[in-house]
Amino acid sequence: MELRQTLFGVDVPAPVLLAAGTCGFGEEVAGVTDLGRIGGLVTKSVTLEPREGNPAPRVAEFDAGMLNSIGLANPGAHRVRDEKLPWIRDHLSEIRVFVSVAGHRVEEYLEVVEILDGSEGFLGYELNLSCPNDTRLGGLPFALDPEALTEVVAGVRARTERPIVVKLAPNAPDLAPIVQAAEAAGADGLTLVNTLPGLAFDPVSRRPLLGAGAGGMSGPALRSVGVHAVWRASQSTSLPLIGVGGVVRGEDAVQYFLAGASLVQVGTASFWDPRSAPRVLTEIRGFARRNRVASITEWIGAGQFGGLRPETPEVEAVVDG
Ligand code: RRO
């Protein structure tokens, strides 16, 4: 089956990437998974200054997924440029690498991009505007505020010619204005979704399971939220979409393709089994063979709504209600 696509002006060899925050900068997982077999990866989010991150425990599992509050632990933009990007350049030339960028302020994103942009080895940026654990100073997360989002995306657009993908949040009341703002400001693609704010208590100690208190929820419980968000975004834009949230098996990825995603990312499943992403790819191929699908393009945006067009109000009422 044909899984190769041309996206963001380049050849993307396979539609499965590792999600930000689940594979470090590639080197950390190279010994346990065959990175050459997948389509690419997104690095841990990079901030201007190094960050230690939040107190342990930083992750907590529950029956349907996981909570995390890592708190953006990362070495900072200068060390990423000097120590992480050279390894990526020398070892990951066959796959597509996006550097995730995060910050408290608009200017922080712009400075990180200015520091990294002259380096080789990566394709583009995934702007993390939706971290639930380390929010924008003095406001909503950027991904919930179209004006603030516009400032970041337009500012980065003015500083790089590389592809820019914008990572959005699952808890936006209405994705349409956010998607349209990202596109108008110069985004080349969108990633949907980041983790959903969540909290779990230990009922005996009465304390939160995470050292930081609340966190971001991911894993199978997030899947239908992510698929829904991709589908909603696809109604407002024709930019390429990257689906993430609860992709554990090949068939989960196919759901994202049907909703309109061209690529998927595997996150939490890699913590359970570091070889999840290449396995998902193998399962996509097997599923396609059994169902006589010859190319990924047959799936993308091909979700069926009982013969009705998904954008008709009747169907929205059925699907949403
Ligand atoms: O570092 C984190 O705690 C974190 C980030 Br930046 C993010 O975007 N999403 C998430 O679930 N955790």
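Buried means under 20% relative accessible area, exposed over 50%, and partly exposed in between, with a 1.4 Å probe and protein chains only. The model is predicted, so local features need pLDDT of at least 70 and side-chain atom pairs count only at pLDDT 80 or more, while totals for chains, interfaces and linings use all residues. Residues are numbered from 1 along each chain as its sequence is written, and side-chain values use heavy atoms, with hydrogens and water left out.

**View 1. Asp 252 is a buried residue of helix H6.**
Asp 252 has its place in helix H6; helices (H or I, at least four residues) and strands (E, at least two) are DSSP runs, numbered from the N terminus. With a relative accessible area of 6%, Asp 252 is buried. Apart from neighbours within four places in sequence, Asp 252 is in contact with Arg 223, Gly 246 and Val 247, where contact means heavy atoms within 4.5 Å.

**View 2. Helices H6 and H8 pack against each other.**
Two packed helices are described by the angle between their axes and the distance between the axes. For helix H6 (residues 250-259) and helix H8 (residues 276-290), the angle is about 75° and the axes are 7 Å apart. Axes are lines fitted to C-alpha atoms, for helices over the stretch in contact, and angles run from 0 to 180 degrees between N-to-C directions. H6 and H8 are therefore roughly perpendicular to each other; angles under 35 degrees count as roughly parallel, over 145 as roughly antiparallel, 65 to 115 as roughly perpendicular and the rest as oblique. From H6, the contact is made by Gly 250, Glu 251, Ala 253, Val 254 and Phe 257. H8 contributes Val 280, Glu 283, Ile 284, Phe 287 and Arg 290. Sorted by class, the contact of H6 with H8 has six nonpolar, one polar and three charged residues. Ala, Val, Leu, Ile, Met, Phe, Trp, Tyr, Cys and Pro count as nonpolar, Asp, Glu, Lys and Arg as charged, and the others, Gly among them, as polar.

**View 3. Eight strands form a closed barrel with parallel pairing.**
The strand order is E3-E4-E7-E8-E9-E10-E13-E14, and the twist averages 25° from one strand to the next. Two strands pair if DSSP finds at least two bridges between them. Helix H4 (residues 175-184) packs on the sheet and touches E9 and E10, its direction making about 160° with that of E9. Helix H5 (residues 223-234) also packs on the sheet, touching E10 and strand E13 (241-244), and its direction makes about 165° with that of E13.

**View 4. Strands E9, E10, E13 and E14 of the barrel.**
Strand E9 (residues 164-168) runs parallel to E10, joined by four bridges, and Leu 168 has Leu 192 of E10 as its bridge partner. Three bridges join E10 to E13, again in parallel, with Leu 190 opposite Leu 241 in E13. E13 in turn pairs with strand E14 (residues 263-266) in the parallel sense over three bridges; there, Val 244 is the bridge partner of Gln 265 in E14. In a regular strand the side chains alternate between the two faces of the sheet. In strand E10 (residues 189-192), Gly 189 and Thr 191 point one way and Leu 190 and Leu 192 the other way, and all are buried. E13 is likewise covered on both faces, with Leu 241 and Gly 243 on one side and Ile 242 and Val 244 on the other, all buried.

**View 5. An open sheet of four strands pairs in the antiparallel sense.**
The order is E5-E6-E12-E11. Strand E5 (59-62) and strand E11 (196-198) stand at the edges with a single partner strand each, so one side of each is left without a neighbour in the sheet. The twist averages 35° from one strand to the next. E5 and strand E6 (residues 65-68) are joined by four bridges, and Val 59 stands opposite Asn 68 in E6. Three bridges join E6 to strand E12 (residues 215-218), where Leu 67 has Met 217 as its bridge partner. E11 and E12 pair over three bridges, with Gly 198 partnered by Gly 215 in E12.

**View 6. Asp 11 lies in strand E2 (residues 10-12).**
Asp 11 counts as partly exposed, at 30% relative accessibility. Its side chain makes a polar contact with the side chain of Arg 4 (2.4 Å). A polar contact is a pair of N or O atoms within 3.5 Å; within protein, one must be able to donate a hydrogen and the other to accept it, and residues adjacent in sequence count only if both atoms are side-chain atoms. Leaving out neighbours within four places in sequence, Asp 11 is in contact with Arg 4, Gln 5 and Arg 96.
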